[in-house]
Amino acid sequence: MDNTAIIETVRGWVAASKRIVVLTGAGISTDSGIPDFRGPQGVWTRNPQAEKQSTLQHYLADVEVRQAAWRGRLSHPAWTAQPNAGHRALVALESRGLLHALITQNIDELHQIAGNGADKVIEVHGTIRRVMCWQCRRRWPMPEVLERVRAGETDPHCPECGGILKSDTISFGQALVPEVIDRAFTVAGEADLMLAIGSTLQVQPVAGVVPIARRAGAKIVIVNAEPTACDPIADAVLRGPIGEILPAICGG
Ligand code: NAD
(Lines give C-alpha, C1' and ligand atoms only; values in the text may rest on other atoms or scores of the structure.)
Protein backbone atom coordinates (compact mmCIF):
# COMPACT_ATOMS: atom_id res chain seq x y z
CA MET A 1 0.00 0.00 0.00
CA ASP A 2 1.32 3.49 -0.75
CA ASN A 3 1.05 6.33 1.77
CA THR A 4 -2.13 7.76 0.17
CA ALA A 5 -4.02 4.52 0.75
CA ILE A 6 -2.67 4.13 4.30
CA ILE A 7 -3.58 7.76 5.09
CA GLU A 8 -7.18 7.11 3.97
CA THR A 9 -7.37 4.01 6.17
CA VAL A 10 -5.88 5.80 9.19
CA ARG A 11 -8.23 8.81 8.72
CA GLY A 12 -11.08 6.34 9.05
CA TRP A 13 -9.60 4.83 12.23
CA VAL A 14 -9.15 8.34 13.69
CA ALA A 15 -12.77 9.27 12.96
CA ALA A 16 -14.01 6.03 14.52
CA SER A 17 -11.92 6.39 17.69
CA LYS A 18 -13.00 7.85 21.00
CA ARG A 19 -9.84 7.80 23.08
CA ILE A 20 -6.81 8.62 20.98
CA VAL A 21 -3.52 8.77 22.84
CA VAL A 22 -0.65 10.48 21.06
CA LEU A 23 3.04 10.03 21.82
CA THR A 24 5.33 12.65 20.30
CA GLY A 25 9.11 12.87 20.03
CA ALA A 26 11.64 15.37 18.78
CA GLY A 27 10.66 14.77 15.13
CA ILE A 28 7.44 16.78 15.46
CA SER A 29 9.43 19.91 16.31
CA THR A 30 12.11 19.78 13.59
CA ASP A 31 9.86 21.78 11.22
CA SER A 32 9.85 24.47 13.94
CA GLY A 33 13.65 24.67 13.77
CA ILE A 34 14.47 22.49 16.79
CA PRO A 35 16.78 19.65 15.71
CA ASP A 36 16.16 16.11 16.96
CA PHE A 37 18.92 14.00 18.54
CA ARG A 38 19.15 10.91 16.36
CA GLY A 39 17.77 11.91 12.94
CA PRO A 40 20.14 12.55 10.00
CA GLN A 41 20.56 16.23 11.09
CA GLY A 42 20.30 15.38 14.79
CA VAL A 43 22.34 17.10 17.51
CA TRP A 44 24.06 13.84 18.50
CA THR A 45 24.46 12.61 14.94
CA ARG A 46 26.43 15.77 14.15
CA ASN A 47 28.26 16.08 17.49
CA PRO A 48 28.49 12.90 19.62
CA GLN A 49 30.11 14.99 22.45
CA ALA A 50 26.78 16.78 22.95
CA GLU A 51 25.35 13.59 24.48
CA LYS A 52 27.43 14.30 27.63
CA GLN A 53 25.42 17.46 28.35
CA SER A 54 22.29 15.33 28.54
CA THR A 55 23.86 12.79 30.89
CA LEU A 56 23.32 13.61 34.58
CA GLN A 57 26.56 12.07 35.86
CA HIS A 58 28.71 14.18 33.48
CA TYR A 59 26.63 17.31 34.07
CA LEU A 60 26.98 17.16 37.87
CA ALA A 61 30.67 16.18 37.82
CA ASP A 62 32.14 18.45 35.18
CA VAL A 63 31.98 22.25 35.22
CA GLU A 64 32.96 22.39 31.53
CA VAL A 65 30.00 20.21 30.58
CA ARG A 66 27.72 22.58 32.54
CA GLN A 67 29.24 25.67 30.95
CA ALA A 68 28.69 24.18 27.50
CA ALA A 69 25.12 23.27 28.50
CA TRP A 70 24.40 26.85 29.63
CA ARG A 71 25.77 28.25 26.36
CA GLY A 72 23.51 25.80 24.54
CA ARG A 73 20.46 26.84 26.61
CA LEU A 74 21.11 30.51 25.90
CA SER A 75 20.98 29.94 22.17
CA HIS A 76 18.39 27.12 22.23
CA PRO A 77 16.04 27.31 19.24
CA ALA A 78 13.03 26.73 21.55
CA TRP A 79 13.08 30.41 22.58
CA THR A 80 12.08 31.55 19.09
CA ALA A 81 10.38 28.42 17.74
CA GLN A 82 6.74 28.53 16.67
CA PRO A 83 4.39 25.53 16.43
CA ASN A 84 4.11 23.97 12.96
CA ALA A 85 1.43 22.13 10.97
CA GLY A 86 2.09 18.91 12.93
CA HIS A 87 1.41 20.58 16.28
CA ARG A 88 -1.68 22.29 14.87
CA ALA A 89 -3.05 18.97 13.61
CA LEU A 90 -3.00 17.67 17.19
CA VAL A 91 -4.90 20.77 18.34
CA ALA A 92 -7.49 19.93 15.66
CA LEU A 93 -7.72 16.39 17.06
CA GLU A 94 -8.42 17.82 20.53
CA SER A 95 -11.02 20.24 19.10
CA ARG A 96 -12.82 17.26 17.58
CA GLY A 97 -13.05 15.76 21.07
CA LEU A 98 -10.97 12.73 20.09
CA LEU A 99 -7.79 13.34 22.08
CA HIS A 100 -7.62 11.44 25.36
CA ALA A 101 -4.03 12.46 26.17
CA LEU A 102 -0.85 13.71 24.56
CA ILE A 103 2.30 12.14 25.95
CA THR A 104 5.37 14.03 24.83
CA GLN A 105 9.09 13.40 25.16
CA ASN A 106 9.66 16.99 24.06
CA ILE A 107 10.82 19.71 26.37
CA ASP A 108 9.85 22.68 24.20
CA GLU A 109 6.18 23.20 25.27
CA LEU A 110 5.19 23.73 21.62
CA HIS A 111 2.06 21.58 22.09
CA GLN A 112 0.73 23.94 24.76
CA ILE A 113 1.80 27.01 22.75
CA ALA A 114 -0.05 25.59 19.72
CA GLY A 115 -3.22 25.31 21.81
CA ASN A 116 -3.45 21.80 23.26
CA GLY A 117 -4.86 21.92 26.78
CA ALA A 118 -2.23 21.77 29.53
CA ASP A 119 -4.40 19.07 31.17
CA LYS A 120 -4.01 16.85 28.08
CA VAL A 121 -0.21 17.15 27.79
CA ILE A 122 1.97 14.76 29.79
CA GLU A 123 5.58 15.95 29.68
CA VAL A 124 7.52 12.83 30.62
CA HIS A 125 10.92 14.48 30.11
CA GLY A 126 10.10 17.86 31.65
CA THR A 127 10.54 21.31 30.14
CA ILE A 128 13.45 23.57 29.24
CA ARG A 129 11.30 26.57 30.17
CA ARG A 130 11.88 25.88 33.88
CA VAL A 131 15.11 25.68 35.88
CA MET A 132 15.64 23.46 38.93
CA CYS A 133 18.16 23.37 41.75
CA TRP A 134 19.63 19.90 42.00
CA GLN A 135 20.20 20.38 45.76
CA CYS A 136 17.09 22.08 47.22
CA ARG A 137 14.76 21.08 44.30
CA ARG A 138 13.35 24.60 43.96
CA ARG A 139 11.93 25.25 40.47
CA TRP A 140 11.31 28.58 38.72
CA PRO A 141 11.16 30.06 35.19
CA MET A 142 14.30 29.64 33.09
CA PRO A 143 14.56 33.19 31.64
CA GLU A 144 15.67 34.59 35.03
CA VAL A 145 18.78 32.38 35.07
CA LEU A 146 19.48 32.89 31.36
CA GLU A 147 19.65 36.61 32.17
CA ARG A 148 22.47 35.84 34.64
CA VAL A 149 24.31 33.79 31.98
CA ARG A 150 23.89 36.64 29.51
CA ALA A 151 25.38 38.97 32.13
CA GLY A 152 28.54 36.82 32.36
CA GLU A 153 27.94 33.89 34.77
CA THR A 154 29.18 30.72 33.10
CA ASP A 155 27.85 28.16 35.64
CA PRO A 156 25.10 29.84 37.68
CA HIS A 157 24.21 28.31 41.05
CA CYS A 158 21.07 28.43 43.20
CA PRO A 159 20.56 31.83 44.86
CA GLU A 160 18.98 30.09 47.89
CA CYS A 161 21.30 27.18 48.67
CA GLY A 162 24.24 27.44 46.24
CA GLY A 163 23.36 24.12 44.56
CA ILE A 164 23.98 23.21 40.91
CA LEU A 165 21.25 24.41 38.55
CA LYS A 166 19.95 22.56 35.51
CA SER A 167 16.95 22.79 33.24
CA ASP A 168 13.91 20.97 34.62
CA THR A 169 14.32 18.22 32.06
CA ILE A 170 15.05 14.56 32.61
CA SER A 171 18.68 13.84 31.77
CA PHE A 172 19.94 10.36 30.94
CA GLY A 173 20.69 8.69 34.28
CA GLN A 174 18.03 10.77 36.08
CA ALA A 175 14.88 9.20 37.48
CA LEU A 176 11.59 10.12 35.86
CA VAL A 177 8.88 11.77 37.97
CA PRO A 178 6.89 8.71 39.10
CA GLU A 179 3.42 10.36 38.96
CA VAL A 180 4.07 11.62 35.42
CA ILE A 181 5.32 8.36 33.88
CA ASP A 182 2.61 6.42 35.76
CA ARG A 183 -0.05 8.69 34.24
CA ALA A 184 1.46 8.07 30.78
CA PHE A 185 1.23 4.30 31.31
CA THR A 186 -2.34 4.61 32.61
CA VAL A 187 -3.64 6.64 29.66
CA ALA A 188 -1.83 4.31 27.23
CA GLY A 189 -3.83 1.43 28.68
CA GLU A 190 -7.07 3.38 28.08
CA ALA A 191 -6.40 4.18 24.40
CA ASP A 192 -8.39 2.81 21.48
CA LEU A 193 -5.87 4.29 19.01
CA MET A 194 -2.28 5.31 19.60
CA LEU A 195 -0.41 7.64 17.28
CA ALA A 196 3.38 7.56 17.83
CA ILE A 197 4.90 10.52 16.02
CA GLY A 198 8.46 11.68 15.35
CA SER A 199 10.28 9.34 17.69
CA THR A 200 12.76 6.54 17.15
CA LEU A 201 10.98 4.91 20.14
CA GLN A 202 14.36 3.96 21.58
CA VAL A 203 14.13 5.87 24.87
CA GLN A 204 12.76 3.75 27.72
CA PRO A 205 10.61 3.58 29.71
CA VAL A 206 8.42 6.02 27.75
CA ALA A 207 8.52 3.96 24.54
CA GLY A 208 6.83 1.24 26.61
CA VAL A 209 3.51 3.09 26.23
CA VAL A 210 3.25 1.68 22.69
CA PRO A 211 3.20 -2.02 23.68
CA ILE A 212 0.94 -1.14 26.64
CA ALA A 213 -1.62 0.39 24.26
CA ARG A 214 -1.25 -2.61 21.92
CA ARG A 215 -1.96 -5.05 24.74
CA ALA A 216 -5.01 -2.99 25.74
CA GLY A 217 -6.40 -3.53 22.23
CA ALA A 218 -5.58 -0.14 20.69
CA LYS A 219 -4.64 0.21 17.04
CA ILE A 220 -1.06 1.47 16.69
CA VAL A 221 -0.11 4.02 14.03
CA ILE A 222 3.48 5.21 13.62
CA VAL A 223 4.39 8.39 11.75
CA ASN A 224 8.15 8.82 11.34
CA ALA A 225 10.66 9.40 8.55
CA GLU A 226 12.78 6.43 9.59
CA PRO A 227 12.08 2.94 10.93
CA THR A 228 11.31 2.77 14.66
CA ALA A 229 11.67 0.12 17.33
CA CYS A 230 7.87 -0.41 17.38
CA ASP A 231 7.22 -0.77 13.64
CA PRO A 232 6.82 -4.56 14.04
CA ILE A 233 3.82 -4.13 16.38
CA ALA A 234 2.14 -1.30 14.42
CA ASP A 235 -1.10 -1.65 12.47
CA ALA A 236 0.06 1.11 10.12
CA VAL A 237 3.43 2.78 9.54
CA LEU A 238 3.53 6.09 7.68
CA ARG A 239 7.03 7.03 6.55
CA GLY A 240 7.23 10.64 5.48
CA PRO A 241 7.04 14.26 6.58
CA ILE A 242 5.01 14.74 9.77
CA GLY A 243 3.94 18.23 8.64
CA GLU A 244 2.10 16.70 5.68
CA ILE A 245 0.92 13.39 7.10
CA LEU A 246 -0.55 14.57 10.43
CA PRO A 247 -2.88 17.22 8.98
CA ALA A 248 -4.07 14.60 6.48
CA ILE A 249 -4.92 12.01 9.15
CA CYS A 250 -6.15 14.33 11.94
CA GLY A 251 -8.23 16.87 9.98
CA GLY A 252 -12.01 16.61 10.17
P1 NAD B 1 14.95 11.06 18.18
O2 NAD B 1 15.90 12.18 17.92
O3 NAD B 1 15.49 9.79 18.72
O4 NAD B 1 14.16 10.68 16.84
C5 NAD B 1 13.45 11.62 16.08
C6 NAD B 1 12.89 10.89 14.87
O7 NAD B 1 12.06 11.82 14.16
C8 NAD B 1 13.97 10.42 13.88
O9 NAD B 1 13.73 9.06 13.54
C10 NAD B 1 13.77 11.34 12.66
O11 NAD B 1 14.04 10.71 11.43
C12 NAD B 1 12.31 11.70 12.76
N13 NAD B 1 11.96 12.99 12.16
C14 NAD B 1 12.57 14.18 12.38
N15 NAD B 1 11.93 15.17 11.71
C16 NAD B 1 10.90 14.58 11.04
C17 NAD B 1 9.86 15.06 10.19
N18 NAD B 1 9.75 16.37 9.90
N19 NAD B 1 8.99 14.17 9.67
C20 NAD B 1 9.09 12.84 9.96
N21 NAD B 1 10.02 12.33 10.79
C22 NAD B 1 10.91 13.19 11.33
O23 NAD B 1 13.79 11.64 19.07
P24 NAD B 1 13.09 11.05 20.36
O25 NAD B 1 12.68 9.64 20.12
O26 NAD B 1 12.07 12.05 20.75
O27 NAD B 1 14.25 11.01 21.45
C28 NAD B 1 15.00 12.17 21.72
C29 NAD B 1 15.00 12.60 23.19
O30 NAD B 1 15.55 13.90 23.26
C31 NAD B 1 13.62 12.72 23.74
O32 NAD B 1 13.60 12.02 24.92
C33 NAD B 1 13.39 14.21 24.00
O34 NAD B 1 13.19 14.42 25.37
C35 NAD B 1 14.67 14.90 23.70
N36 NAD B 1 14.63 15.99 22.66
C37 NAD B 1 13.60 16.87 22.65
C38 NAD B 1 13.56 17.89 21.69
C39 NAD B 1 12.40 18.86 21.72
O40 NAD B 1 11.86 19.14 22.79
N41 NAD B 1 11.97 19.40 20.58
C42 NAD B 1 14.54 17.98 20.72
C43 NAD B 1 15.60 17.04 20.76
C44 NAD B 1 15.62 16.04 21.73
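## A pocket, a ligand and some rings

The second largest pocket holds about 290 Å³ of space. A pocket here is an open set of points on a 1 Å grid over the protein atoms alone, where a 1.4 Å probe fits and protein lies on both sides within 12 Å along at least five of seven lines; lining residues have an atom within 4 Å of a point. Of its 18 lining residues, the closest to the centre are Gly126, Arg139, Asp168, Ile170 and Val177. By class, the lining has ten nonpolar, three polar (Gly counts here) and five charged residues (Asp, Glu, Lys and Arg).

This is a predicted model, where local features need pLDDT of at least 70, side-chain atom pairs count only at pLDDT 80 or more, and totals for chains, interfaces and linings use all residues. Residues are numbered from 1 along each chain as its sequence is written, and side-chain values use heavy atoms, with hydrogens and water left out.

Now for the ligand. The table lists some polar contacts, meaning pairs of N or O atoms within 3.5 Å.

| Protein side | Ligand atom | Distance |
|---|---|---|
| His125, polar side-chain atom | oxygen | 2.8 Å |
| Ala225, backbone N or O atom | nitrogen | 3.0 Å |
| Glu226, polar side-chain atom | oxygen | 2.8 Å |

What about rings? The charged end of Arg73 sits over the ring of Trp70, 4.4 Å from its centre. Arg137 lies over the face of Trp134, at 4.2 Å from the ring centre. To count, NZ of Lys or CZ of Arg must be within 6 Å of the ring centre and within 35 degrees of the ring normal.

Definitions and conventions. Grid points are joined across faces, edges and corners, and a volume is the space filled by probe spheres set on the points. A polar contact is a pair of N or O atoms within 3.5 Å; within protein, one must be able to donate a hydrogen and the other to accept it, and residues adjacent in sequence count only if both atoms are side-chain atoms.
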